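Reader: I'd like a close look at one part of this model, please. Pick a spot, tell me what its side chains are doing, and then follow the chain from there.

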Amino acid sequence: MTREEKSIAIENLTAQLAGTNIIYVSDISGLNAETTSNLRRACFKAGIKLEVVKNTLLAKAMEASANDYGDLPSVLTGNSAIFISDVANAPGKIIKDFRKKSDKPVLKGAFINNEVYIGDNQLDALATIKSKEELLGELIGLLQSPAQRIISALQNKFAGSEEEAEA
């Protein structure tokens, strides 16, 4: 790879990093072609971009980015692939699902909404992070619950009053 090609690759990676707040870095080496294809297909269906990257280029792109990736560049050893998503828990769920059949992909680290997570032991926590839509749904449900109880109580009271009036 020439310097110019490296420079272009770093610019492209920096642009990708600037466009998201959710990045998982993992090791997918050792997966056979069929499993890798299945992983890519699952990522595509979930709206996740999966890309194998060179560690030095990714480290330089992280350095050039406006985001603070903290210790995340320290996990860039061996083979690395990045999962870029709009939903915080989606890559974690995909990785967990694939780990039922294989010991890969191994989570090296993640950057989610300015928080850095290092190590494969973070996978369970990352897979259970609630998405913005899930949190909003729960909040709306909590807000609706008291109003529904009041409406139900009023309906019961008026229904009881009508029955008394008819008798």
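Author: Let's begin at Asp97, which has 38% relative accessibility and so counts as partly exposed. That label sits between buried, under 20% relative accessible area, and exposed, over 50% (1.4 Å probe, protein chains only). Keep in mind that this is a predicted model: local features need pLDDT of at least 70 and side-chain atom pairs count only at pLDDT 80 or more, while totals for chains, interfaces and linings use all residues. Residues are numbered from 1 along each chain as its sequence is written, and side-chain values use heavy atoms, with hydrogens and water left out.

Asp97 has a partner: its side chain meets that of Lys100 in a salt bridge, 3.8 Å from N to O. A salt bridge here is a side-chain nitrogen of Lys or Arg within 4 Å of a carboxyl oxygen of Asp or Glu. Lys100 itself is exposed, because its relative accessible area is 69%.

How many salt bridges does the structure hold? There are five. One of them joins Asp124 to Lys96 at 3.0 Å, again N to O. Lys96 lies in helix α4 and Asp124 in helix α5, so this pair ties together parts that are 28 residues apart in sequence. (Helices are DSSP runs of H or I with at least four residues, strands are runs of E with at least two, and both are numbered from the N terminus.) Both partners are partly exposed, Lys96 at 34% and Asp124 at 48%.

Arg99 has a salt bridge as well, with Asp120, where the closest N and O atoms are 2.7 Å apart. This one also links distant parts of the chain: Arg99 is in the loop between α4 and β4, Asp120 is in the loop between β5 (115-118) and α5, and 21 residues separate them. Arg99 is partly exposed, with a relative accessible area of 27%, and Asp120 has 27% relative accessibility and gets that label too.

Now for the inside. The largest nonpolar core has 20 residues, and those with the most contacts inside it are Tyr24, Leu39, Cys43, Phe83 and Ile112. A nonpolar core means buried Ala, Val, Leu, Ile, Met, Phe, Trp, Tyr and Cys residues joined through side-chain atoms within 4.5 Å. At least two residues each come from β1 (22-27), α2 (33-45), β3, α4 (90-98), β4 and α5 (123-127). Helix α4 gives the most, four residues.

Leaving aside neighbours within four places in sequence, Phe83 is in contact (heavy atoms within 4.5 Å) with Ile22, Ile23, Tyr24, Ser26, Leu39, Cys43, Ile48, Lys49, Leu50, Pro91 and Ile95. Another core lies apart from the largest one; it has 18 residues, including Leu17, Ile23, Val53 and Val75.

Last stop, the rings: a search of the whole structure finds one aromatic pair. Tyr69 and Phe111 have ring centres 4.4 Å apart and planes at 50°, so the pair is tilted. Phe, Tyr and Trp rings (the six-membered one for Trp) pair with centres within 6.5 Å; planes under 30 degrees apart are stacked, over 60 edge-to-face, the rest tilted. Phe111 is in strand β4 (residues 106-112) and Tyr69 in the loop between α3 (55-64) and β3 (80-84), 42 residues apart.
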